[in-house]
Amino acid sequence: MDIDTGDTVKHKPTGEEWLVAGVKGDRLMWCGWPEGWAALTDCELVEKATPEARDKLLHELAAMTGHDMRKSYAMQRLGHNT
């Protein structure tokens, strides 16, 4: 099962649980601060998001103010021009 926006993962090196903002290739972007990327291979799925929860989070990320890579990612996923 593929990891996607809205899923909860465990980051194995730190033991932290993260809410996934997005996935590009072999990298995962988390919702916490500071923004950043981790290797997908370092993450294990804890809970899969429902399609409704994924859509809600994408809209929340797209509505963020300022310059943020999570906002740009969400806008692209939703088909908005960035």
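Predicted model: local features only at pLDDT ≥ 70, side-chain atom pairs only at ≥ 80, totals over all residues.

Residues are numbered from 1 along each chain as its sequence is written, and side-chain values use heavy atoms, with hydrogens and water left out.

The structure holds six salt bridges, a salt bridge being a side-chain nitrogen of Lys or Arg within 4 Å of a carboxyl oxygen of Asp or Glu.

| Pair | N to O distance |
|---|---|
| Arg54 and Asp4 | 3.2 Å |
| Asp4 and Arg77 | 2.8 Å |
| Asp7 and Lys48 | 2.9 Å |

Asp4 lies in the segment before E1 and Arg77 in helix H2 (residues 69-77), so this pair ties together parts that are 73 residues apart in sequence. Helices (H or I, at least four residues) and strands (E, at least two) are DSSP runs, numbered from the N terminus. Asp7 also lies in the segment before E1, whereas Lys48 sits in the loop between strand E5 (43-47) and H1, so their bridge joins parts 41 residues apart in sequence.

Arg54 and Asp4 are both buried, where buried means under 20% relative accessible area, exposed over 50%, and partly exposed in between (1.4 Å probe, protein chains only). Asp7 is buried as well, at 0%, whereas Lys48 is partly exposed at 31% and Arg77 is partly exposed at 37% relative accessibility.

Taken together, Asp4, Asp7, Lys48, Arg54 and Arg77 are linked in a network of salt bridges.
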